[in-house]
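Here is a short briefing on a protein chain. Look at the sequence and structure first, then work through the points below.

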Amino acid sequence: MSNENLIQEIPEKADFARFLGKQKIDFVQRVVPQPGPGQLLLKNMANSLCGSDFPFLYNGNTEISPGHEIAGIVVKAGENTSTSAGTRGIVFLMGYCGKCRNCKQGNTNQCLDKQADYGFTHDGGYGSYSVINENVFFPIPDDVSYTQGTLLLDIMGTGGHAIKRAQLVHQSPVSMIVLGAGPIGLGILAMAKIMYGNDFPVLISDVVDYRLDLAKKLGGLPVNLNNGSLADSAAKHGFKEVDIAIDSSGKEVARRSALDLLAQRGTLICVGHGEGLQLKISPDLIATERAILGSEYFSYNELKGNLELYLKNRDYLDQIITHTYPILELEEAFRIFVERNSGKVIVEY
């Protein structure tokens, strides 16, 4: 189907997913929204599933259609926009103002006057159409599929940003460990291999064999926590300490184990939301000059560089996508994703 045909076929109503709770999802017909000034109407074409969707999956939310890793095509542009209908692209999650101190410094993921979180506060990619502010839309080339385009978001964006946060503290690391081999953990592993080179050792821990096997295919050193502690398993790979630890699990026990494994001047980056971390300030931070930093999503201006990296490493990164489903099989897609025997799971239109 040509882009032009898609533009001509905007219906009055279309299907939007409703999350009913207890892992039940149905679809209802709703009026297709219209873009206002500075906004675009997207026909959604793919959306990647994320653990951040789980509160909606388990507890329900019928007010909006979730989904925050969106790829689609512009089918209508509002006033005061410059993006043409027919442009293919992806959606930066956070509706940033572009005017505050943080936005002016390029830190759009820390906007002080955030307008939206698409898929959380506004309709996202599990509905047929989305209205977004033009400044969160990032075009992708015609030879990058919508499904592939979603890799630029949480996988490359969040993963790469976490590593850049670590680089603020440690400029010459020789080893890294990633806590959790879910999609974000796999993204961190992949971006570490791309940014530091194939020979850079990245240990990655989990308890799910499928994900550890996938991590190994991506060049990681798997640490199966079913078979021993983090320290003991790292030692079997020849590492008594590491320079960088990045936690995607959100679990305190994982963060504590990683901190205990950190070398002097090492840094722990917390990406996964969730539990806390008890510290002994003197030995954990002062005497060892270790640092602990947070890392939240990524900045819009990182997308251009990540697209260039994707085009150079397409075959490698595509391995992270293990399952695709038609959008109407969204509930089945989540069933597979919840079982964790998957990498990135994506629904397509």
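Strands β1 (residues 13-21) and β2 (residues 24-31) pair in the antiparallel sense over eight bridges. Strands pair if DSSP finds at least two bridges between them. This is a predicted model: local features need pLDDT of at least 70, side-chain atom pairs count only at pLDDT 80 or more, and totals for chains, interfaces and linings use all residues. Residues are numbered from 1 along each chain as its sequence is written, and side-chain values use heavy atoms, leaving out hydrogens and water.

**The hairpin**
- β1 and β2 form a hairpin with two residues between them.
- Lysine 22, in the turn, has a positive phi of about 55 degrees.
- Arginine 18 stands opposite aspartate 26 in β2.

**The annotated domain**
- UniProt, in an unreviewed entry, lists residues 183-309 as "domain: Alcohol dehydrogenase-like C-terminal". Such annotations may be inferred rather than shown by experiment.
- Over residues 183-309 the chain is 42% helix and 22% strand. Helices (H or I, at least four residues) and strands (E, at least two) are DSSP runs, numbered from the N terminus.
- The end C-alpha atoms of this stretch are 18 Å apart.

**Two helices**
- The axes of α6 (residues 183-196) and α7 (residues 209-217) come within 10 Å and cross at roughly 15 degrees. Axes are lines fitted to C-alpha atoms, for helices over the stretch in contact, and angles run from 0 to 180 degrees between N-to-C directions.
- α6 and α7 are therefore roughly parallel to each other (angles under 35 degrees count as such).
- Pro183, Leu186 and Leu189 of α6 contact Arg211, Leu214 and Ala215 of α7 (heavy atoms within 4.5 Å).

Conventions: Angles under 35 degrees count as roughly parallel, over 145 as roughly antiparallel, 65 to 115 as roughly perpendicular and the rest as oblique.
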